Amino acid sequence: MDRTRFFELLDPVIQSPKRFSVLSHLNPDGDAIGSSLAFAQFLRKLGHEAEVMVPNDFPGFLSWMPGASGVHVYDREKDVCNEILCQSDVIMMLDYNSLSRSGMMSDCLKSLETKKILIDHHRDPVESDFYCLYSDTQVSSTAELVAEVVLHYGSQYLDESIATNILVGIITDTGSFAHSMYRPETFQICAQLSAKSLPYNAIHQLIYDNFSENRLRLLGYAIDHKMEVLDEYATAIISLSKEELSSFNYQVGDTEGIVNFPLSMQKIKMSVLVTERQGIIRFSFRSKGDFSVHELANKHFNGGGHTNAAGGNVSTSMELALAKLHDILPEYKELLNPSHNP
Ligand SMILES: [Mn+2]
């Protein structure tokens, strides 16, 4: 669906006051929370009611974000959330594009006939699930798409909270403008936002300079003791078991970013972080260049995402999960490291 058609369909929806639920994905990140908060705040400026809801808790390093204390966490307040969902006139889904990534909310969502509207930048949205969708994989973040929507209706709607929340989404999804930068408009939008937001330096410090001592030591341990480098496949794998995480007093968000570090080695094209969470093994994939971790995660690990960043999971032991990962690598050898001759 192109942008013109999206606005043709959205315009009548937002013309009269309504109740909106603004939802984002399981294991919410900076873009999930930033885009959702910003969009909800924009809706309230238009005279709507809007509640933000995520399936499970978001990392503590995002708790300072304007409006973050009002986010409903489904697995902590299921009844309240179900009531909000049932009473909504419109359900917005941001930064994900399949009902199955709604965690425990999936069943409730599938049973509701309510109009669902998507704003997202992941690949392969399920178009038939949505009344209308604003989806573009060539945009840095969902937050940037939210900025486009807000600016479509007028820059008078941008205030400090909205601009700050959008910037957090863009900064976190691009690793501070280091990747996922596909078009000059990203900088132009950020320039407009930064005129209205908290100072950029302050936002950056709030996001990144807030590690606990344990979190930094976990990062050191992961790289020094747990990183396996497979030259043949230009791949690095880091795995962290439940026991290892708890020995560093793991808090939600503490493994965020660890997967990016191996890519700083010139020879590495793909980095994988494998972590053990309540009964499931979670994979986080990153790549450089045109190697698509989306394809790999989608084919083998019940996941997907973007060309250079994707996730997945399996319900086996850590040992079997790692064995599976090693087993499939030969399939990608030509793409990962065509020049390698053992
Ligand atoms: Mn995103």
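Into which domains is the protein divided? In this predicted model, local features need a pLDDT of at least 70 and side-chain atom pairs count only at pLDDT 80 or more, whereas totals for chains, interfaces and linings use all residues. Residues are numbered from 1 along each chain as its sequence is written. The protein is divided into domain 1 (3-208) and domain 2 (213-336), with bounds that come from an automatic or database domain assignment. Ten residues from domain 1 and ten residues from domain 2 form the contact, two residues being in contact if their C-beta atoms, placed from the backbone, lie within 7 Å. The C-alpha centres of the two domains lie 27 Å apart.

The largest nonpolar core has 56 residues, where a nonpolar core is a set of buried Ala, Val, Leu, Ile, Met, Phe, Trp, Tyr and Cys residues joined through C-beta atoms within 7 Å. A residue is buried if 20 or more other C-beta atoms lie within 10 Å of its own, exposed if 12 or fewer, and partly exposed in between, with C-beta atoms placed from the backbone. The residues with the most contacts inside this core are Val22, Phe39, Met92, Val146, Ile166 and Leu167, and helix H2 (residues 30-45) gives the most to the core, with eight residues. Helices (H or I, at least four residues) and strands (E, at least two) are DSSP runs, numbered from the N terminus. Apart from this core lies another, of 29 residues, including Ala222, Ile238, Phe248 and Met270.

Helix H5 (residues 142-153) and helix H6 (residues 160-173) pack at an angle of about 145°, with their axes 7 Å apart; axes are lines fitted to C-alpha atoms, for helices over the stretch in contact, and angles run from 0 to 180 degrees between N-to-C directions. On its other contact, with helix H7 (residues 185-194), the axis of H6 comes within 9 Å and the two cross at roughly 145°. Here Ala163, Ile166, Leu167 and Ile170 in H6 meet Thr186, Cys190, Leu193 and Ser194 in H7.

Glutamate 256 is placed in the loop between helix H10 (242-247) and strand E9 (270-277). This glutamate 256 counts as partly exposed because 19 other C-beta atoms lie within 10 Å. Although glutamate 256 and proline 59 are 197 residues apart in sequence, they are 8.8 Å apart in space, C-alpha to C-alpha.
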